[in-house]
Amino acid sequence: MIGWRRTERGTPVQCCYCRKLLAARLAHRLEPEPRVLTAVGAVPMKNIGWFCSRRCVDDYESHFRVILEPEAWGAVEARLA
Ligand SMILES: [Zn+2]
């Protein structure tokens, strides 16, 4: 669904639960950009990272018995800058 293929550039960003490849982290940005990732269903969570979908967030929370806090894509971009 995310449709991002492994790239030679940057560091791979994977779903924290299912490990699906979501993006590449370059010097000061993600490719695709955070707003694009969230538009296709990916979810950034504070202090953890990206999940490919709300379903993986739910599975992670029940598996590890934690409640994650969402992070806005704008905040992710600000942190990368
Ligand atoms: Zn996932």
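# Briefing on the predicted fold

The protein has 3 helices and 5 strands; helices (H or I, at least four residues) and strands (E, at least two) are DSSP runs, numbered from the N terminus. This is a predicted model, in which local features need pLDDT of at least 70 and side-chain atom pairs count only at pLDDT 80 or more, whereas totals for chains, interfaces and linings use all residues. Residues are numbered from 1 along each chain as its sequence is written. Along the sequence, the elements follow the pattern β-β-β-α-β-β-α-α.

**Overall dimensions and packing**

- The radius of gyration of the protein is 12 Å, close to the 12 Å that the globule rule gives for 81 residues, so the protein is as compact as a globular protein of that length. The radius is taken over C-alpha atoms, and the globule rule is 2.2 Å times the number of residues to the power 0.38.
- The C-alpha trace spans about 35 × 25 × 20 Å along its principal axes.
- Of the 81 residues in the protein, 20% are buried. A residue is termed buried if 20 or more other C-beta atoms lie within 10 Å of its own, exposed if 12 or fewer, and partly exposed in between, with C-beta atoms placed from the backbone.
- Among contacts with a separation of 6 or more, 43% are between residues 24 or more positions apart. Two residues are in contact if their C-beta atoms, placed from the backbone, lie within 7 Å.

**Nonpolar core**

- The largest nonpolar core has 13 residues, and those with the most contacts inside it are Cys-15, Leu-22, Ala-42, Trp-50, Phe-51, Cys-52 and Cys-56.
- Strand E2 (21-25), strand E5 (49-51) and helix H2 (54-64) are the elements that give two or more residues to this core.
- A nonpolar core is a set of buried Ala, Val, Leu, Ile, Met, Phe, Trp, Tyr and Cys residues joined through C-beta atoms within 7 Å.

**The three-stranded sheet**

- An open sheet of 3 strands has the order E1-E2-E3, with antiparallel pairing. E1 and E3 stand at the edges, each with a single partner strand, so one side of each is left without a neighbour in the sheet. Two strands pair if DSSP finds at least two bridges between them.
- E1 and E2 pair in the antiparallel sense over 4 bridges.
- E2 and E3 run antiparallel and are joined by 2 bridges; the bridge partner of Ala-24 in E3 is Glu-31. A hairpin of 4 residues connects E2 to E3.

- Pro-12 lies in strand E1 (residues 11-14) and is partly exposed, with 13 other C-beta atoms within 10 Å. Pro-12 and Arg-25 are 13 residues apart in sequence and 6.2 Å apart in space, C-alpha to C-alpha.
- Val-40 lies in the loop between H1 and E4 and counts as partly exposed, with 14 C-beta neighbours inside 10 Å. Val-40 and Cys-52 are separated by 12 residues in sequence and by 8.8 Å in space, C-alpha to C-alpha.

**Backbone features of note**

- Most residues other than glycine have a negative phi, and most peptide bonds are trans.
- A cis peptide bond, with omega of about 0°, joins Glu-31 and Pro-32. Pro-32 lies in the loop between strand E3 (30-31) and helix H1 (34-39).
- Asn-47 has a positive phi of about 65° although it is not a glycine. Asn-47 is located in the loop between strand E4 (43-45) and E5, and is exposed, with 7 other C-beta atoms within 10 Å.
- Arg-65 is likewise not a glycine, yet has a positive phi of about 55°. Arg-65 is placed in the loop between H2 and helix H3 (73-80), and counts as exposed, with 6 C-beta neighbours inside 10 Å.
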